[in-house]
Every structure is written in C-alpha cells, then in structure tokens.
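Please look at the structure below before reading the points.

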Amino acid sequence: MAMVSSLVNERPVVIFSKSSCCMSHTIKTLICNFGANPTVYELDEHPNGKQLEKELRGLGCKPSVPAVFIGEELIGGANEIMSLHLKGQLVELLLKANAIWV
C-alpha cells in the first residue's frame, strides 16, 4: 500500500483510472466540472500500473478503477462518488479537502 499512499498524500484529489474505462472518464469529468483539478493516474499507462492496481484491490477497490481519494481518504469508486453527488455531499468533501473554493 506504500506506493498508493505516497501518491495520494501529494494532492487533495487523486483518481486512479484506466484510459479506456468509461466510468473513470465520467467520474473525472464530474469532479472537474466542480472546478477541482484532480491528479489522475492512468493505470494502463503508468509504469507501475500493475502494482498500483494490486494495492488498490488490497484496499478493497473492486473493480480497481475508478478509485477516488479525496483529502487522502479512499472514497471509493463510481457508485460511491455518484451517490455522494446525488446526496449533495460531494462538493462538501471537495471543499473540506481544499480541492475547490467557493
């Protein structure tokens, strides 16, 4: 889990994705539309992508992408992010992590 932890500690919003995953694209677009600038790691293009994917699965990410971390905390995948958005709680998390400003 060390590699994922070190990457997540660097930014307020980190998304682990795959370039061909439509759900990853949707989640990245949603978060960007709020004004956040997430750090995105495309596992299928990253030199350590296989190891990162293994670590994400070890953290409970199934499927492994998208995996969204906000404020260094694993929020979850597409279902969790969409659920937070529909409840009106996603913006609150982004604000708390200083990923966006109002």
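Lys28 and Glu42 form a salt bridge, with their closest N and O atoms 2.7 Å apart; a salt bridge here is a side-chain nitrogen of Lys or Arg within 4 Å of a carboxyl oxygen of Asp or Glu. Because Lys28 lies in helix α2 and Glu42 in strand β2, the pair ties together parts that are 14 residues apart in sequence. The model is predicted: local features need pLDDT of at least 70, side-chain atom pairs count only at pLDDT 80 or more, and totals for chains, interfaces and linings use all residues. Residues are numbered from 1 along each chain as its sequence is written, and side-chain values use heavy atoms, leaving out hydrogens and water.

**Lys28 and Glu42**
- Lys28 is buried, at a relative accessible area of 15% (buried means under 20%, exposed over 50%, partly exposed in between, with a 1.4 Å probe and protein chains only).
- Glu42 also counts as buried, with 16% relative accessibility.

- Lys18 forms a salt bridge with Glu53, where the closest N and O atoms are 3.0 Å apart.
- This pair links distant parts of the chain, 35 residues apart: Lys18 is in the loop between β1 and α2, and Glu53 is in helix α3 (residues 49-58).
- Arg57 meets Glu53 in a salt bridge as well, at 3.1 Å from N to O.
- Arg57 and Glu53 are both in helix α3, four residues apart, or about one turn of the helix.
- Glu53 is buried at 8% relative accessible area, while Lys18 is partly exposed at 25% and Arg57 is partly exposed at 44%.

- Four strands form an open sheet in the order β2-β1-β3-β4, with mixed pairing; two strands pair if DSSP finds at least two bridges between them.
- Helices (H or I, at least four residues) and strands (E, at least two) are DSSP runs, numbered from the N terminus.
- The edge strands, each pairing on one side only, are β2 (39-42) and β4 (73-76).
- Strand β3 (residues 67-70) runs antiparallel to β4, and three bridges join the two.
- Val68 has Gly76 in β4 as its bridge partner.
- Helix α2 (residues 22-33) packs on the sheet and touches β1 (13-17), β2 and β3, where contact means heavy atoms within 4.5 Å.
- The direction of helix α2 makes about 165 degrees with that of β1; axes are lines fitted to C-alpha atoms, for helices over the stretch in contact, and angles run from 0 to 180 degrees between N-to-C directions.
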